[in-house]
Amino acid sequence: MGDDAGWVRPRGKAWGNEAQRAVLHAVAEDLARRTQHKVVAIEALRTDGFLEFVAIAGDDAARDKMIGQASPLALDHIHALGEDLAGWRHIAGERLDDDTRAWLDEYGHKPATAPSGLPDGWDPDDQMLRLLENEDGDLRAIVYLDEPHSGLRPTAKTAEAINLEVGAMFDAVISIVERELYGEQLRMVTQARRAIESVRPGLGAQELVGELSRAMTEAMDMAEVAVVATGTVVEGLQAARAELAELMRHQWRRRGHVVVETQRTWSMHEESIETPDALVRLLDARGMGSGLLVPIGAGEEYLATLVMGRAPDAPRWNASEINAATTVAGDVARLMLEARLMERERALNAQLREVNDYRRDMVLTLAHELRNPVSVLFTHLELLDQDPTPDDVRDSLGALGRSARRIEDMVADLMTLASVSDPDNGPAALEVDLSALVRETCGDLASTAAAAGVEVDSSVADGLTLIGEAAGLQRMVANLVGNAVKYTPAGGRVALVASAHAAGGVDGVRMTCADTGIGIAADELDKVFQPFFRSSSAEARRRPGTGLGLAIIERVVTTHGGTLEVTSTLGEGTTFAAWIPAGGPRPPA
């Protein structure tokens with residue numbers, strides 16, 4: 001009580017409504033009659049942690065001074081100075097110290113009566129009170145008895161008699177206070193959450209606060225509800241915007257709130273101030289009598305303010321409503337963070353798309369630039385081949401031709417990779433006879449396989465059809481078989497099997513290409529579909545390639561909505577298994 005902050009008078013009349021107060025006043029009058037005391041007062045605990053006098057019977061002067069007034073919760077003097085009497089605490093006047101007397105002068109009321117003069121007589125400074133706690137031991141209210149008709153101080157026997165007479169009424173007071181604590185709060189939170197659920201998902205932060213404001217204004221018993229994000233310009237408050245933003249940032253750090261009324265503005269921890277003219281004008285312009293401002297934030301970051309406005313004839317903001325608004329502010333904070341994350345994800349996706357577009361354009365440009373000089377090389381090689389040349393020159397021309405052919409293959413692979421990697425150029429929605437396509441492609445590669453001494457066996461079911469792009473699917477099959485032949489030594493075998501296969505309840509086609517080739521190291525299996533990847537194996541590097549064939553296979557399968565798997569054992573062979581849905585790629589959810 002020595003701290004100056006403890007002397008701040010908290011905002012009054014913040015507990016309950018008139019009907020609840022009337023019920024507790026009737027309880028206080030009944031308690032006075034049953035306990036044989038002239039004066040009975042009831043203090044209720046508010047959700048903001050303050051005690052408020054909500055009912056006083058038998059003393060008009062005390063009622064005029066104290067009803068609706070609140071005080072900080074400070075029970076030290078009760079426990080230190082009071083004597084326990086059957087659950088009651090009696091504090092004799094002579095035991096009061098200076099600090100406690102000052103506290104009572106500020107927050108209590110001393111009746112204008114003289115001491116009774118009786119032995120063990122009641123003194124005007126005496127206090128008789130009981131802390132009312134729920135089953136969990138949480139304080140809910142305090143009942144005060146004053147001016148006993150007997151004029152005597154209480155004893156354990158008289159306290160026990162009082163308990164027998166009115167003990168059941170303690171539970172009634174606790175029940176009334178708890179209903180106020182949670183009933184109004186539940187109603188407001190339920191209304192707000194229904195409004196929040198009605199807001200369309202996937203909105204950006206700015207759209208979200210607008211939709212939330214509209215939905216909550218329509219759903220809640222308020223003149224206006226708004227979510228005002230940091231940096232938002234509010235008409236009529238431009239001059240005070242920085243000051244108000246700092247105020248709400250301060251309230252977020254303290255987990256407080258601000259109540260704005262036409263005469264005074266209150267916050268949870270600071271002394272009230274005269275309401276600034278700008279806020280008074282704003283209330284008038286909006287046709288409101290008061291407003292509740294609750295900061296919205298996450299961690300240490302202040303994000304926005306939840307503003308609720310009431311009509312001039314509406315009741316004052318009570319503690320449970322303020323507590324409910326704080327809960328709603330927490331829900332809004334979660335949505336704002338989700339919207340912010342979604343915006344960042346969209347921005348990142350846009351950046352990735354730009355990078356992908358740039359890479360695709362660069363690859364296409366490079367491929368086009370290479371195509372012309374390669375064509376010139378082939379033309380001149382064909383002309384030179386028509387003239388008789390020495391054997392050593394012919395060997396050089398053959399090497400030039402093979403190199404030019406490799407460049408031509410790389411150009412074709414680059415253009416194919418760029419095409420199948422284009423998200424705006426998905427597979428055409430055309431029916432492809434996959435059975436015929438696979439058989440034809442295997443036939444085209446038969447001479448290459450025979451020259452390499454590799455046997456190619458194919459088992460293709462009839463009637464396999466897909467919705468997709470024939471050129472991309474043909475390139476995929478050609479790369480699968482061609483790659484298997486290239487990495488299989490002479491005398492080896494390649495087996496291609498294509499059949500109908502359903503996966504996850506979706507009809508499709510499964511193709512497996514198994515070879516008896518050199519295999520892939522286990523630590524390289526997760527890299528083989530990366531563009532330009534070449535194995536570190538010396539045996540693999542002896543075989544010419546661009547490192548694009550498997551990347552093209554993976555992109556074709558993925559763009560058609562399928563899956564691709566690879567298993568391999570070094571020195572024994574490799575198996576690729578591709579599954580593609582028959583109906584084409586499914587649209588994103």
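This is a predicted model: local features need pLDDT of at least 70, side-chain atom pairs count only at pLDDT 80 or more; totals for chains, interfaces and linings use all residues.
Colleague: In what order do the five strands of the open sheet come?

Modeller: The order is 15-17-18-20-19, and the pairing is mixed.

Colleague: Which strands stand at the edges?

Modeller: Strand 15 (455-460) and strand 19 (563-569). Each has a single partner strand, so one side of each is left without a neighbour in the sheet.

Colleague: And by how many degrees are neighbouring strands turned against each other?

Modeller: By 10 degrees on average, ignoring direction.

Colleague: How many bridges join strand 15 to strand 17?

Modeller: Six, and strand 15 and strand 17 (residues 493-500) run parallel.

Colleague: Which strands does helix 11 lie across?

Modeller: Helix 11 (residues 434-444) lies across strand 15, strand 17 and strand 18 (508-515). Helix 11 runs at about 170 degrees to strand 15.

Colleague: Switching topic, at what angle do the axes of helix 13 and helix 15 cross?

Modeller: Roughly 140 degrees, for helix 13 (residues 470-486) and helix 15 (residues 549-559), with the axes coming within 9 Å. That angle makes helix 13 oblique to helix 15.

Colleague: Is that crossing left-handed or right-handed?

Modeller: Helix 13 passes helix 15 in a left-handed crossing.

Colleague: Which residues make the contact?

Modeller: From helix 13, Gly472, Leu473, Arg475, Met476, Asn479, Leu480 and Asn483 take part. Helix 15 brings Gly549, Leu550, Ile552, Ile553, Val556 and Val557.

Colleague: How many of the contact residues are nonpolar, polar and charged?

Modeller: Eight are nonpolar, four polar and one charged.

Notes
Residues are numbered from 1 along each chain as its sequence is written. Side-chain values use heavy atoms; hydrogens and water are left out. Two strands pair if DSSP finds at least two bridges between them. Helices (H or I, at least four residues) and strands (E, at least two) are DSSP runs, numbered from the N terminus. Axes are lines fitted to C-alpha atoms, for helices over the stretch in contact, and angles run from 0 to 180 degrees between N-to-C directions. Contact means heavy atoms within 4.5 Å. Angles under 35 degrees count as roughly parallel, over 145 as roughly antiparallel, 65 to 115 as roughly perpendicular and the rest as oblique. A crossing is left-handed if the near helix is turned anticlockwise from the far one by less than a right angle, and right-handed if clockwise. Ala, Val, Leu, Ile, Met, Phe, Trp, Tyr, Cys and Pro count as nonpolar, Asp, Glu, Lys and Arg as charged, and the others, Gly among them, as polar.
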